[in-house]
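Biologist: Could we go through this structure together? I would like to take it region by region.

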Amino acid sequence: MDAGRKDSLLLPPPHAAPYAADDQRSQGRRHPETIQGYRNEYQRDRDRIIHSAAFRRLEYKTQVFVNHEGDLFRTRLTHSLEVAQIARSVARTLQLHEDLVEAISLAHDLGHTPFGHAGQEALHERMRDYGGFEHNLQSLRVVDLLEERYAEFDGLNLMFETREGILKHCSQAVAKTLGEVGERFLKKRQPSLEAQLANLCDEIAYNNHDVDDGLRSGLITIQQLLEIRIFGEEHAAVCRLYPRLQQRRLIHEIVRRMINRQINDLIDCSLQSIRDSGVRSIDDVRAQPKPLLRFSDRMQELHLELKQFLRAQLYRHHQVYRMTAKARRVIHEIFDAYMQDPLLLPADYTHRIEDRSAPGLPEEPQARKARVIADYIAGMTDRYALTEHDRLFNPKSPA
Ligand code: MG
């Protein structure tokens, strides 16, 4: 770090255990900055993320459903807030750095394309010859490079530990190109416990909320879900206590109990494995052969069962499939139109293609053009992508 906390107004975080991340012993920022007195460096990261353009766009990006399908469904923004809420409360119990956990949670989906996984797959197909497209890597690209807010650097210049947490997984080949943040994939080391926690809370959040949204949409039914053990068990418990509960409250009671059960399981198992491992510092955490935070084997099994159900019954539901097929076509067609004629892109992007000194882009001209186009498309919201598609292909629509 470039300065100490000695002469600042800051108190150390209230709950930090010795194995928690500590901004005072951080690997720091890529571009050194002076420390402000009134917030710690992970709070500062969290605030930068909230003020970023990519974060605001999450409001209009899909999780499973397309944004205009209904106002009650989760978007990437509400999903990210829910992940942060779950992760913060677990972090406090495990005595981890809450601000870092929150920053990672809020940033973890910044690189998602419009139209959820359908959008990502479509973009990956088009980028196959140019290094591919992966939302996790794109989230890092957004915070390292694509946000344009500061006079002195590209991106948000976040702390190492925040960037490390955003990069959940990564191939060896890509890791080699990422400098210090890629190193742990090459050396087979673990990320901080805060990063491990944000990752697990992401899973808790989306599995349970997809149950909730799935039921609300009518694409899956309570009857079907009764076959799934974790849902069935909580359903029985709620019905025993409240036999005449109206359906909406019944669903909410079940979902909140499922979430609580998973959180309790995660806390118990993780505390046990932290204790058993004897870790005394973040360096000890990094040197562990596998992540210390985890669910019990039984919960893992229940989780998997729920996941498989959602994949088969919701994500591959005929109606969802028809919508995602359309989304895929929209992304393909927009991409191809720009590739054929880059002058269709906004001037900023055409300049990036031409400017050989622009950072983070391949030298080879086709690959360079493709990456700039992928960055542009990945940043679009669902509705922006639909409008842009209309503008490009419908002669009656304004240019
Ligand atoms: Mg997520």
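Modeller: Let us begin with Thr 62, which is found in the loop between helix H2 (53–57) and H3. Helices here are DSSP runs of H or I with at least four residues, strands are runs of E with at least two, and both are numbered from the N terminus. Please note that this is a predicted model, in which local features need pLDDT of at least 70, side-chain atom pairs count only at pLDDT 80 or more, and totals for chains, interfaces and linings use all residues. Residues are numbered from 1 along each chain as its sequence is written, and side-chain values use heavy atoms, with hydrogens and water left out.

Biologist: Is Thr 62 buried or exposed?

Modeller: Thr 62 counts as buried because its relative accessibility is 2%. Buried means under 20% relative accessible area, exposed means over 50%, and partly exposed lies in between, with a 1.4 Å probe and protein chains only. The C-alpha atom of Thr 62 is separated by 11 Å from that of Ala 327, although the two are 265 residues apart along the chain.

Biologist: Now the metal. Which residues are the protein donors of the magnesium ion?

Modeller: They are His 79 (NE2), His 108 (NE2), Asp 109 (OD) and Asp 202 (OD), at 2.1 to 2.7 Å from the ion. Donors are N, O and S atoms within 2.8 Å of the metal (3.2 Å for Na, K and Ca); water is not among the atoms, so sites may look incomplete.

Biologist: What spacing do the donors follow along the chain?

Modeller: The spacing is H-x28-H-D-x92-D. His 79 in helix H3 and His 108 in the loop between helix H4 (98–107) and H5 are 29 residues apart, and this pair links distant parts of the chain. Both His 79 and His 108 are buried.

Biologist: How much space lies in the largest pocket?

Modeller: The largest pocket holds about 1100 Å³. On a 1 Å grid over the protein atoms alone, a pocket is an open set of points with protein on both sides within 12 Å along at least five of seven lines, whereas a cavity is a set where a 1.4 Å probe fits but cannot get out; lining residues have an atom within 4 Å of a point. Grid points are joined across faces, edges and corners, and a volume is the space filled by probe spheres set on the points.

Biologist: Which residues are the closest to the centre of the largest pocket?

Modeller: Of the 46 residues that line the largest pocket, those are His 117, His 135, Tyr 206, Lys 307 and Tyr 315. H10 gives the most to this lining, with nine residues. By class, the lining has 16 nonpolar, 15 polar and 15 charged residues. In that count, Ala, Val, Leu, Ile, Met, Phe, Trp, Tyr, Cys and Pro are nonpolar, Asp, Glu, Lys and Arg are charged, and the others, Gly among them, are polar.

Biologist: How many cavities of 30 Å³ or more does the structure hold?

Modeller: There is one, and about 60 Å³ of space lies in the largest cavity. Its lining includes the metal donors His 108 and Asp 202. The largest share of the lining, four residues, comes from H10.

Biologist: Changing topic, how many disulfides are there?

Modeller: The structure holds zero disulfides, a disulfide being a pair of cysteine sulfur atoms within 2.5 Å. For Cys 201, the nearest cysteine sulfur is that of Cys 269, 14 Å away. Cys 201 is buried, with a relative accessible area of 0%, whereas Cys 239 is partly exposed at 27%.

Biologist: What about Asp 144? Where does it lie?

Modeller: Asp 144 lies in helix H6 (residues 135–146) and counts as buried because its relative accessibility is 11%. Leaving aside neighbours within four places in sequence, Asp 144 is in contact (heavy atoms within 4.5 Å) with Arg 30, Asp 154, Gly 155 and Arg 163.

Biologist: Last, the backbone. What is the phi of Gln 95?

Modeller: Phi of Gln 95 is near 60 degrees, a positive value in a residue other than glycine. Most residues other than glycine have a negative phi. Gln 95 lies in the loop between H3 and H4 and counts as partly exposed at 36% relative accessibility. Asn 157 also has a positive phi, near 50 degrees; Asn 157 is in the loop between H6 and H7 and is buried, with a relative accessible area of 5%.
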